[in-house]
Amino acid sequence: MATSRRIIYTTPHEQINLLQSKGLAFENTEFAVAQLHEYGYYNIINSYKTPYITMNSGKKCYLPNTTFEQIYSLFTLDHNLRNSIMAAMLDFEEHLRAAVAEVVARNFGTDHNDYLKWENYRDRRVSRDRFSLRGILGTLQQNLMSDKDPIRYYRETYRTVPPWILFKGTYFSTLINLVRLFKNAQKQELIRLMYNIDESITSLPIVSRLFSETLFVCLDFRNRAAHGGRVYNFEPRNSTHLLNNSELLHIFPDLETWKTCHGVCQLLGLLSCFSYMNPHYTIDSSLSEELNRHLTNYPQDKSFLESILGLELLLKKVVWISPKSKKYHSDPTCSGIKNYIKITFDEEVFSLNHLIPCKRCCRDKYQNT
């Protein structure tokens, strides 16, 4: 029988004392107090300490030279990456809704009494009844009675709700499971729209499998991001091994870049196959920027991040400068700088122009590169 343990409230100053007793160093305690107040001990420390923990005499302690700022930097990387994934998945949802609505309307019409008929789809055996054909069509029928516009407006004004309106009020999981219940002709049509590939390729089982698994990987990441979970090391339950499939590599040569990846880089590889690339670009840009920012200050983290992502990291040192300052920054939000410009770091050029590192965010890291 498990024994109960009391959970005691501690202030940020008490939390810092506890962390120092375990070997964690602090470069700026005022900064640490502010961030612990802002985000909480659990969200910063408990969620991101694992890569920096070791065992000493049977007790957990921090690896030598690990700082609070290093853990907070990893927290920031994940925080910003999560926001970009959420934005990308909302964008992808909107694009998928439009494509699904187009296929449904083209094949079954715009009247919900027609396009929601049972015979338009195929039932599949599922573990949860709500994802069966009866469950999905039942959910869509309930959505038809929504008291929110534009569904209500179309129902009351036109006595019908076209698919592009109904799907706007439909959960991503419902939409994906509706696609799973498409018959072959409609599914191949949707695949052709999403990938912009030849009709002869859409009928290949491996392409259909890629499409289905990609949708569920996207759903896993969307839900993870929406609930504030870690994403930089997230392995979705619907993880796929298709990126290294020789048949798919022939159809989508760009997958060669991502064939050994997993986690968020696997998501990037899957998204790179679609003709609509904005979701891929959104996440890729954020991940690249955050990795460069973090590893510029903490290059010792490169190997463990490579292991997590399944990708060799080739880093460019980038900094941000303001036309009105002689300082350069590793953090574009540092000290409230405005009108900043992102440039590649060049020690010789910076020295000739008398540019110096910001003491707050660079901490003299660039002087030793």
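Mentor: Keep in mind that this model is predicted. Start with the second largest pocket: its lining residues divide into nine nonpolar, three polar and six charged.

Trainee: Where is the second largest pocket, and which residues are closest to its centre?

Mentor: Arg5, Ile8, Leu18, Tyr41 and Asn46 are the closest to its centre, out of 18 lining residues. The space in this pocket is about 510 Å³. α1 (12-21), α3 (41-48) and β2 (59-62) each supply at least two lining residues. α1 gives the most, with four.

Trainee: What lines the largest pocket?

Mentor: Its lining has 30 residues, and Phe31, Tyr72, Thr76, Asp331 and Thr333 lie nearest the centre. About 710 Å³ of space lies in it. Helix α4 gives the most to the lining, with seven residues. α2 (29-39) and α15 are among the elements that supply at least two. By class, the lining has 11 nonpolar, 10 polar and nine charged residues.

Trainee: What makes the other space a cavity and not a pocket?

Mentor: A cavity is space where a 1.4 Å probe fits but cannot get out, whereas a pocket is open. One cavity of 30 Å³ or more is counted. About 30 Å³ of space lies in the largest cavity. Ile176, Val179, Arg180, Lys187, Ser212, Leu215 and Phe216 line it. The elements giving two or more residues to that lining are α9 (172-180) and α12. Four lining residues are nonpolar, one is polar and two are charged.

Trainee: How do you know that the length of α12 agrees with its residue count?

Mentor: Helix α12 (residues 205-226) has 22 residues, and at 1.5 Å a residue it should span 32 Å. Its end C-alpha atoms are 32 Å apart, so the two agree. Just after α12, Gly228 takes a positive phi of about 75°.

Trainee: Why is His280 called buried?

Mentor: The cut-off is under 20% relative accessible area. His280 has 6%, so it is buried. This residue lies in helix α15 (residues 278-297). Leaving out residues up to four places away in sequence, His280 touches Trp258, Leu268, Leu271 and Ser272.

Trainee: Why do Glu290 and Arg293 count as a salt bridge?

Mentor: The rule asks for a side-chain nitrogen within 4 Å of a carboxyl oxygen. Their N to O distance is 2.8 Å, and the side chains meet in a salt bridge. The two are three residues apart in helix α15, so about one helical turn separates them. Glu290 is at 7% relative accessible area and is therefore buried. Arg293 is at 10%, so it counts as buried too. Elsewhere, salt bridges that share partners join Glu93, Arg97 and Arg222 into one network.

Trainee: How many salt bridges are counted by this rule?

Mentor: The count comes to 13. One of them joins Asp78 and Arg82, at 3.2 Å from N to O. Both lie in helix α4 (residues 68-108), four residues apart, about one turn of the helix.

Trainee: Why is Arg152 called partly exposed?

Mentor: Partly exposed lies between the buried limit of 20% and the exposed limit of 50%. Arg152 is at 33%, so it counts as partly exposed. Arg152 forms a salt bridge with Asp149, the closest N and O atoms being 3.6 Å apart.

Notes
Residues numbered from 1 in each chain as written. Predicted model: local features only at pLDDT ≥ 70, side-chain atom pairs only at ≥ 80, totals over all residues. Heavy atoms only, no water. Buried < 20%, exposed > 50% of the residue type's maximum accessible area, 1.4 Å probe, protein only. Contact = heavy atoms within 4.5 Å. Expected span 1.5 Å × (residues − 1). 1 Å grid on protein atoms, 1.4 Å probe; cavity = no way out; pocket = protein on both sides within 12 Å on 5 of 7 lines; lining within 4 Å. Points joined across faces, edges and corners; volume = space filled by probe spheres on them. Nonpolar A, V, L, I, M, F, W, Y, C, P; charged D, E, K, R; others polar.
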